[in-house]
Amino acid sequence: MKIEVRGLTKTFGSSNAVGGVSFVVNEGELLGLLGPSGSGKTTVLRLIAGLEVPTSGDIFIDGKRVNDLTVQERNIGFVFQHYALFKHLTVFDNIAFGLKIKKWNRRDIEQRVAELLALMSLDGLGGRYPHQLSGGQRQRVAIARALAPRPSVLLMDEPFGAVDAKVRQELREWLIRLHTDLNVTSLFVTHDQEEAMEVSGRIIVFSKGKLEQAGSPADVYEEPATEFVARFIGSMNIVEGIVRRGQVQVGSLEFPATGFADGQKLQVGFRPYYVKIAEDPARYRQQAKLRHIYFLGVAYRLEIETPDGLILRSRMNKEEFRRCHFIVGQAVSFAVTHFRILPREGTSPSLGTESGSPIAGPLTP
Amino acid sequence: MTSHLLIRVALRSAAVGYVLVLIFLPLAALAQQSVAAGWDRFIQDLTAPQASAALWLTIETAAIATAINAVFGTLSALVLVRYEFPGRWLLNALVDLPFAIPTLVAGLMIAAIYGPTSILGTWLQQGGLTVLYNQPGIILAMLFVTMPFTIRSLQPVLMGLERDQEEAAFTLGASPWTTFWKVTVPSVLPGLLTGVFLTFVRALGEFGSIVIVAGNIPMKTQVASVYVYGEIESYNPQAATSVSVLILLISFVVLLLLERLTRRPGERLPKLFHWSNRADRPGHEAAMPTAAQ
């Protein structure tokens, strides 16, 4: 069912954990709340669940305002970061807990638990205690327990935060499949941008209790609405310059910036793969020195320094890298093929979100 | 390798030897002495009216004191762990006081508050309740000396109980009351049982404070430990030994029971007494930070 929050604010003491956040989670969607730790994303989740009381703002689940409903009455499934399994109960009893509270009869409970054990690939583990399970299994029990009473929405706090890297990858893929099968409206919190990208249908980026951007993983990655998003998601070169005659000047680099007043300070961002490098000093207009070569497994990262002392990162695939014969310290030429002018923090994120607008676009080398 | 093995053997022998010398040998000596004169004599000693009255009185008052401390100890532990309030540190420090002061002094303190010349004592007396030289006095003394057990056994388990287990119960529709009984209490049960059982056996054996407040009237307010002392004073070590052995036996059974109860298969051992790092448990690879951290 649809979740909607409007102007949600939560103040702890004098600090704003969540400051006036509004967004919608559509029916059947798997949405990721992404942000660094302390950005208020977990608080948003707890507010929706009813584990915290909002200072102001409204929460709607399935179109109904739930502010005045207790956590028990909201019919949500919540998965805690550290599982929060009942340690004194078996896997079966953990999953059956919510059903017993809702007074299901024994046959229905047994059937539902068996169904969930199968769905979660936990067959045969019903009699185990949580401490007898691996991290990945515990997490799946936690999800099964949350799903058992057929909640209207599923809320997950850092669902893969406490398991190791390999299990995490498996769990991610498994969660996507599970969501495809069940299609329950799901909202999860993560600080891991890769995880958010891979798992979510849509991402909401948070910083300091404020919503920075909402969009598909591709949108957020390709069209960061704010400087924060640009820095937080993926790798990006960010340079700062002053507008002169419709151009942002950053040393010898120039970026078209029509519509901005002369003398204004602007930040320009570009992804490393939009920095093209050639051995031939005449190939591109800009000159630089190659400072470092990093092998990333799937590609190479090259770090160059311009005569003005600007350090930029470039990414190059293996084939291209092998064609060239780069030596650290050599002179190279380079060009930036795409860039974006980033809105300053605190300004409207709507600035420059349109691809192809004059303030974002390809540059001719 | 050999030196490691040697150290291991030496360490284990030292541990076993220590327990053997300090606890087992005196126990065995006492038990041997009590049955040396024959079973009939042992039974006789225990069924002597004064002895059996003392034993029953001890068990009754210890049970009542244990029940009271279980309830109030749990409440106190919850308050000390869960709530911030001015003076909490002081209260927390006071809890250990009964461990620190001699039990005789504890007896004197109780006598001072509830004695016939004190305001409280006089007032209670007028209300028909004689505390000193009466059973309530015995219970009070037992309560005082055993107060830390429940609180101190529960505190670490309560701190280790993540709040999110209770919150998880809320999200599954459980009321705070249901959550307390279905989640909080079972989670801290090993700690609670430990506290309760230790309280009981400690109360059974209490002497110093009771000897002052009980009045020690045979058949009325004389507890087992005071009876034992009296028999020794009156050159009747055999009777003293027999009653002692019975008290020891009860304590031993209670402690064995505790061990069994807190070690149910699949259940985690209470952290207070078992530090063994069980490598055979699967799932230990995942760190489980607790709320206390």
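Visitor: Which residues have the most contacts inside the largest nonpolar core?

Guide: In this predicted model, they are Phe23(A), Leu33(A), Ile48(A), Leu155(A) and Leu187(A), and the core has 38 residues. Another core lies apart from it, with 35 residues, including Tyr83(A), Val91(A), Met120(A) and Met156(A).

Visitor: What does Leu33(A) touch, not counting residues up to four places away in sequence?

Guide: Phe23(A) and Leu187(A) are among its contacts. Leu33(A) also touches Lys41(A), Val44(A), Phe188(A), Val189(A), Thr190(A), Ile204(A) and Phe206(A).

Visitor: Why is Leu27(B) called partly exposed?

Guide: Its relative accessible area is 33%. Buried means under 20% and exposed means over 50%, so Leu27(B), at 33%, is partly exposed.

Visitor: What makes the nonpolar surface patch that includes Leu27(B)?

Guide: Tyr18(B), Val19(B), Leu22(B), Ile23(B), Leu27(B) and Leu248(B) make it, with an area of about 560 Å². Patch residues need over 30% relative accessible area, and Leu27(B) has 33%, so it passes that cut-off. Helix H1 (residues 2-36) of chain B gives the most to the patch, with five residues; Leu27(B) is placed in that helix.

Visitor: How confident is the predictor in chain B?

Guide: The average pLDDT is 85, and 89% of the residues score at least 70. In chain B, confidence is highest in helix H3 (residues 49-82), at 94, and lowest in helix H7 (residues 119-126), at a mean of 86.

Visitor: Where in chain B does pLDDT stay under 50?

Guide: Over residues 269-293 of chain B, for which the model has 44 contacts beyond four places in sequence. The model scores ipTM 0.79 and pTM 0.74.

Technical notes. Residues numbered from 1 in each chain as written. Chains lettered and ligands numbered in written order. Predicted model: local features only at pLDDT ≥ 70, side-chain atom pairs only at ≥ 80, totals over all residues. Heavy atoms only, no water. pLDDT = per-residue confidence, 0-100. Helix = DSSP H or I, 4+ residues; strand = E, 2+ residues; numbered from the N terminus. Contact = heavy atoms within 4.5 Å. Patch = residues over 30% accessible without salt bridge, like charges linked within 9 Å, V, L, I, M, F, W, Y side chains within 5 Å. Areas by Shrake-Rupley, 256 points an atom, 1.4 Å probe, with all protein chains shown as cover. Salt bridge = Lys/Arg side-chain N within 4 Å of Asp/Glu carboxyl O. Buried < 20%, exposed > 50% of the residue type's maximum accessible area, 1.4 Å probe, protein only. Core = buried A, V, L, I, M, F, W, Y, C linked by side-chain atoms within 4.5 Å.
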